[in-house]
Amino acid sequence: MFRSQNTRILLAQILIFILFIAGWKALTTFGIMSKFFVGDPFIVAGRLYEWFATGMIFKHLGVTLFETVVAFILGSVLGLLVGLWLALSPTASQLASPYLKGFNAMPRVILAPIFAVWFGLGVTSKIALGITLVFFVVFFNVYQGVREVSPVTLANARMLGASRTQLLRSVYIPSATSWVFSSLHAAVGMAFVGAVIGEYMGSAAGVGYLILEAEGLFDINGVFAGVILLTFFALILDAIVGVVEARLLHWQPREAATVGAPA
Amino acid sequence: MPGMDSAVPALALRDIACHFPARGNPGGTYTAVRDSTITIAPGEFVSIVGPTGCGKSTLLNVASGLLKPSQGTVEVFGQKLTGINRQAGYMFQADALMPWRTALENVVVGPEFAGMDRAQADRLGRDWMARVGLAGFEKAYPHHLSGGMRKRVALAQMLIMDPKVILMDEPFSALDVQTRQLMENELLDLWQADRKSVMFITHDLEEAIALSDRVIALAAGPGTHPIGEFAIDLPRPRDVAEIRHLEEFSRLHAQIWEALKEEVLKGYAQGKR
C-alpha cells in the first residue's frame, strides 16, 4: 500500500512532465506560439546533449558550481557565527540591528557591478555576491533559532551544571540546527542566484555567461538549456543538503502515519 | 523524622519578596511573592500547596538560584546562596529534556558537564535508567517515549547528580491519574532509600499530603506568602493510593482545606476576571 502510493505519485509526476513537454511542443508545432519566443523542447534537449557530448559545458558548469559552493559555505559559516554571536549578546544585537535590517532590505543584486569593479570579472566577485545573499538567510534563521531555545531546557541544563560554553555546545547549537537547515535549503538557491547573476552581469565563463551569450544571439533554446541545467543542479545541491539534514536531525519526530491503512 | 530537629536547615528561604515589571503598566511592578520564609530540614519532604498561579514556581526558582529575589536571602546548609544552587536538583513542570539526545544521553548530561569519563558516565546512566524502570529504553529519543517515561528520564537525569536538595515543580501534573500514582510511589521509594530534602510544589492537596512530612499552604497571589504549616504524621513507607483511605488522611485534608479554601476561591475569582 505504502509503496504503491509513492509509485503512483511518481508516475503522476512523470506524466505531468510529459504533458508539459508535449504541450510546449504542440504550441510551437501548430504555430500557436512562435518558436522564436518560446523555443522548442527537442532543440533544447539537443543543445544540452551537444554541450555534454562536446564537453564544452564542463568548464562553465565547473565555474558556476565552484562559485555556488564556496559562496554557500562561506556565507553559511559567516551567518552561523554572526547569528550565534548576536543572539547571545543582546548589546551587540541592539547595536547592529538597524544596520542589519537596512543591509537586508537593500536589493543586494545591484551590488554585482560594484563587486565586479572591486574583485574583477573572475570568480571572486560572484562569490562575494553569493555570500551577501546567503549570509542573511542563514543569519536570520540562526538568530531566530537561538532566541527560540526552550527556556526550560536551558534552565534545566544550567541546573545540571552547564558552563557557558557547554550551554552553547549542548543546548543552543543543537537547538538551532533545525532552523539552520531550513535556512540552508533557501541558502543553496541564493548561492546559485549570486553566482549566475554575477556571471550574467559580466564574466568570461560560467553557465550565467552562456545564458547571456545565448540571449545576445536571440538563441532562446540556448537560454532555456542553461536555465534547465541550472535548475537541475540546484535540485541536486538541495538534495545533498536534505541528506545531511536527515542524518543530523534524525532525532526529530516524523509525522505519525499508519502502515497498511487505505489511503 | 530523622534530621527534623537539626539546627541547620538544608534549605532556608528568608523573607523572600519578588517584584516583577508589571505587564501593560510601564514602570509599575507586580509583587508575586512577599514575606515568605520557608525552611526545609535535611531529609525532610515538604510540599507547598497554593491556588494556581499564586507564585509557587517563583519560590522554587528562587530556591534553585535561577531567579534572584528582590529581597531576602536563600541559605543552603547554612551557606548564603549566590548564583545557581549547586546542591539542588530541579525537576520542571514542563518537558525539559533535550529532544536531540537519546534517553541515556539525557540522563548523563550532568556527569558529562562535570567532565566525567564517557564510559563511566554511561555505566552510571544505565544504572539510573534501570532504577527508574527504563532499562531497555536507553536509545529511545524523548519523542518516542510516553509522558510518564519522559518524567522518569527527567527524574534519573536529576538524581544521577546526587543532589542534596530536590526541587520539584508540579512534576506529575501532566500525567494521567494511574501513571501519576505510580510515579508518586516510585518517587517515595527512591526518596526513602536515600533521604534527601525535597521541596515539592503542587496544587493538588491530596498529592501533597500523601507524599510529605510537612505541607505549607500559600495565599492567593499577588504577594503570596505562607499562611499555614501542617505536619503530616502519617506512617511511612506509604502507598499513595492506599493512604488516601486512612481516617487521619481525611482529617488532615479537611484541616488544610479549611485554611486553603478561601485562598483558592480568591485565586479562582482572579482567574475569572
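**Helix 6 of chain B.** I began with helix 6 (residues 177–193) of chain B and found that this helix lies across strand 3, strand 7 (165–169) and strand 8 of chain B. I read its direction as about 140 degrees to strand 3 of chain B. A reminder to myself: this is a predicted model.

Next I traced the strand order in chain B, which is 6-7-8-3-9-10, an open sheet of 6 strands with mixed pairing. Strand 6 (88–91) and strand 10 (226–231) of chain B each have a single partner strand, so one side of each has no neighbour in the sheet. From one strand to the next, I noted a twist that averages 15 degrees.

I then looked at one pair in that order. Strand 3 (residues 45–49) and strand 8 (residues 197–202) of chain B run parallel, joined by 5 bridges. To find my place there, I used B:F45, whose bridge partner in strand 8 is B:V198.

**Antiparallel pairs in chain B.** I moved on to strand 1 (residues 11–21) of chain B, which pairs with strand 4 (residues 71–76) of chain B over 5 antiparallel bridges. Here B:L13 has B:V74 as its bridge partner.

**Helix 5 of chain A.** I still noted a bend of about 50 degrees at A:A96, with the proline A:P98 following within four residues.

Which residues of this helix are buried? I wrote down A:A92, A:S93 and A:L100. Among the elements covering them are helix 4 (56–88) and helix 7 (123–147) of chain A.

**Where the chains meet.** Last, I looked at the two chains together: 19 residues of chain A are in contact with 24 residues of chain B. I noted a buried area of about 2000 Å² between them, with carbon and sulfur atoms giving 68%. On the chain A side, A:M159, A:L160 and A:W251 supply 38% of the area that chain A buries against chain B, more than any other three residues.

Key: Residues numbered from 1 in each chain as written. Chains lettered and ligands numbered in written order. Predicted model: local features only at pLDDT ≥ 70, side-chain atom pairs only at ≥ 80, totals over all residues. Heavy atoms only, no water. Bend = angle between axes of the 7 residues up to and from the residue. Helix = DSSP H or I, 4+ residues; strand = E, 2+ residues; numbered from the N terminus. Buried < 20%, exposed > 50% of the residue type's maximum accessible area, 1.4 Å probe, protein only. Contact = heavy atoms within 4.5 Å. Pairing = 2+ DSSP bridges. Axes fitted to C-alpha atoms, helices over the stretch in contact; angles between N-to-C directions. Buried area = accessible area lost by both parts, 1.4 Å probe.
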